[in-house]
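These are my notebook entries on a few places that I looked up. Each entry records what I asked and what I found.

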Amino acid sequence: MKILETLSTIAGKYFAFWVIAIAVIAFMIPTPFLGLGGYITILLGVVMFGMGLTLKPVDFKIVLTKPLPVIVGVGAQFIIMPLVAFALAHLLKLPPELAAGLVLLGCVPGGTASNVMVYLAKGNLALSVAMTSLSTLLAPVVTPLLLLLLAGQWLPVDPVSMFKSIVQVIIIPIILGFAVQKLFPKAVEKSISIVPLISVAAILIIVSAVTAANADNVASSGLVVFIAVFLHNGFGLLLGYLTAVMLGLNENDRRAISIEVGMQNSGLGVALATAHFSPLAALPSVWGAIWHNISGPILATIWSKKPIVEEKDEPDDAPEVTVLTPSEKL
């Protein structure tokens, strides 16, 4: 178990490196990874099950005690990211499948890696966890509707089918994980430290499968897609922060909202694009999985070196949260 815990720590600490490495390998030698595409939905379910194992009712306490930052953050995420993706798709004149894929990346909820980045950035971790959880629970309804509104001009969108997919790969695994945590608390407590290793392994397989399936597309369209994802992420981080500033939130909340808005659950984007659009439409989410886990640590490192002068605007009994799954957009 200690060996697994050590591997889990290494996997989480160098997650961005592993994602880049497996993407390069799958691009250079795609054949061994082509058969993994059929397991994307199951693997994402495994990641979400791990999230359920770490989720506690106290994580939602901030929604009741300080609802404004949570509502502002989740609202900004589901407004800023879809609209920025829509604008970039038009500005860069992306082909229909890539345009729809970029908008899809903008419409998915936040990922658990953002919680790790907020913690490292000395932001409001309780707010970050609450935003991730709430946006994930809203995703079955909000994501399909946003896609129907913004991506329907490029590709046909079936919101009912997408609703079912999100419930199957996100909500049900989280509920199962939460139930297992309640029914077998001692067993979960003993094994919870290896959850990051499982989550990272699952996401690496997802990235390798989609990269292999898009090897030719990466060569032909990889640069413009990366530019789109780079700009999308950058605008999300900046506009999320500015939104919190305009509403007079403190620096802890600003950092949390910025990272939460900018970092998406790109694993869900890959799964939905593969199931409802095409492998090519999954390419923006694959780049998102890579770039978000590079930009996030960079920003977190910068902020971690800048002390917060103002006092934390949090109640004394702010909930303690456990951050174990460093794996996003995917």
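Entry 1. I looked up the contacts of Ala-213 and left aside its neighbours within four places in sequence; Leu-34 and Pro-279 are in contact with Ala-213. I note that the model is predicted. Ala-213 belongs to helix α11, which covers residues 195-213. I then asked how far the C-alpha atom of Ala-213 is from that of Thr-31. The separation is 8.8 Å, although the two residues are 182 residues apart along the chain.

Entry 2. I turned to helix α6, residues 96-107. Its 12 residues reach 16 Å from the first C-alpha to the last, which is close to the expected 16 Å. Why is α6 described as largely enclosed by the rest of the structure? I found that 10 of its 12 residues are buried, and therefore the description holds. Among the buried residues of α6 are Leu-98, Gly-101, Val-103 and Cys-107. I also looked up what covers the buried residues of α6: the cover includes α5 (67-91), α8 (125-150), α12 (215-246), α14 (266-276) and α15 (283-304).

Entry 3. I looked up a nonpolar surface patch of about 530 Å². Which residues make this patch? They are Ile-20, Val-24, Ile-25, Phe-27, Met-28 and Ile-29. I placed Ile-20 in helix α2, residues 15-28. Ile-20 has 34% relative accessibility and so counts as partly exposed.

Conventions. Residues are numbered from 1 along each chain as its sequence is written. This is a predicted model: local features need pLDDT of at least 70, side-chain atom pairs count only at pLDDT 80 or more; totals for chains, interfaces and linings use all residues. Side-chain values use heavy atoms; hydrogens and water are left out. Helices (H or I, at least four residues) and strands (E, at least two) are DSSP runs, numbered from the N terminus. The expected span of a helix is 1.5 Å times one less than its number of residues. Buried means under 20% relative accessible area, exposed over 50%, partly exposed in between (1.4 Å probe, protein chains only). Contact means heavy atoms within 4.5 Å. Patches are made of residues with over 30% relative accessible area and no salt bridge: like charges are joined within 9 Å, nonpolar side chains (Val, Leu, Ile, Met, Phe, Trp, Tyr) within 5 Å. Accessible areas come from the Shrake-Rupley method with a 1.4 Å probe; for residues, only the protein chains shown count as cover. A salt bridge is a side-chain nitrogen of Lys or Arg within 4 Å of a carboxyl oxygen of Asp or Glu.
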